[in-house]
Amino acid sequence: MKIGIDIDDTLTDIRDELKLAAEKYASELGKKKREDKYVEDNNNGNTYQIKYGFTYDELKYFLSVIQEEITKKVKPRENIVEIIKKLHEEGHEIYIITARDFEFHEDPYKLSKDWLDKNNICYDKLIVNARNKVEACRKENIDLFIDDQLANCTRLSEAGIKVIRITEYTDKHGKIVNKKNWNEIYNYIKEME
C-alpha cells in the first residue's frame, strides 16, 4: 500500500505548543484571540490569521520564525519511528506529504527532511507545498492517508481516499477512521491488509 502521512500534529504533537506560542505572539502585538467562530484550516495559516487577527506579515513571521523553531525541536509521537519502519519493512511505501510551503518557509523541503532524518523517520518520498492534499495524493496514487486535520481528512475521504485521522475525538465523520495513537493506527492497517 502507498501510505501518505502528514507531519505537523500527525508525526508530531505540537498543537498545544503552537497554540501557546500564537497566544503569546498575539499578546505581544496587542491582539486578542477570537473564540467566536470555527475556522476551517485550509493549510495556509488562515487559522492563525483569523483567530488572532494577524496581518499577512505578522502571520509570515509567526510561521517562518516562531513555528519553525518549534517544529525543528519537536520530538516524534510515541512509537512512530518503530511503527513507520515496520510498515516500510512490511512492504508499504511511505510518502510524507506536508503543506509546508515556500510562501511561509525559506526551504520547506530542507526543514522537513532535516527533521525526518534527525528523528530517523523512514520514508520513500517527501512532498512539500501540498496545501491541496487530495491533489498530491491523487498524483502519487496514495491508498491511505494519515492526518490530524478534519478538513483535510474530509476532503480526502470525499475524493475516495481511505483516511485515518489521528485524534482524541471519537465523533464520526463519514468514512474517516479516528485513532488516538500510532499503535492503534498500525493495528488498523494490519486489519486492512
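Helices (H or I, at least four residues) and strands (E, at least two) are DSSP runs, numbered from the N terminus. I note that this is a predicted model, where local features need pLDDT of at least 70, side-chain atom pairs count only at pLDDT 80 or more, and totals for chains, interfaces and linings use all residues. Residues are numbered from 1 along each chain as its sequence is written, and side-chain values use heavy atoms, with hydrogens and water left out.

**Entry 1: a pocket.** Lining residues have an atom within 4 Å of a point; among them are Glu68, Lys72, Trp115 and Lys118. Both α3 (56-73) and α5 (108-118) supply at least two lining residues, and α5 gives the most, with five. By class I found seven charged residues (Asp, Glu, Lys and Arg count as charged), two nonpolar and no polar.

**Entry 2: Gly91.** I found Gly91 in the loop between α4 (80-89) and β2 (93-97). From Met1, Gly91 is 90 residues away in sequence and 7.6 Å away in space, C-alpha to C-alpha.

**Entry 3: helix α7.** In α7 (residues 150-158) I list Ala151, Asn152, Cys153, Leu156 and Ser157 as buried. Their cover includes α6 (133-140), β4 (144-147) and β5 (162-166). Just after α7, Gly160 has a positive phi of about 90°.

Technical notes
On a 1 Å grid over the protein atoms alone, a cavity is a set of points where a 1.4 Å probe fits but cannot get out, and a pocket is an open set with protein on both sides within 12 Å along at least five of seven lines; lining residues have an atom within 4 Å of a point. Buried means under 20% relative accessible area, exposed over 50%, partly exposed in between (1.4 Å probe, protein chains only). Contact means heavy atoms within 4.5 Å.
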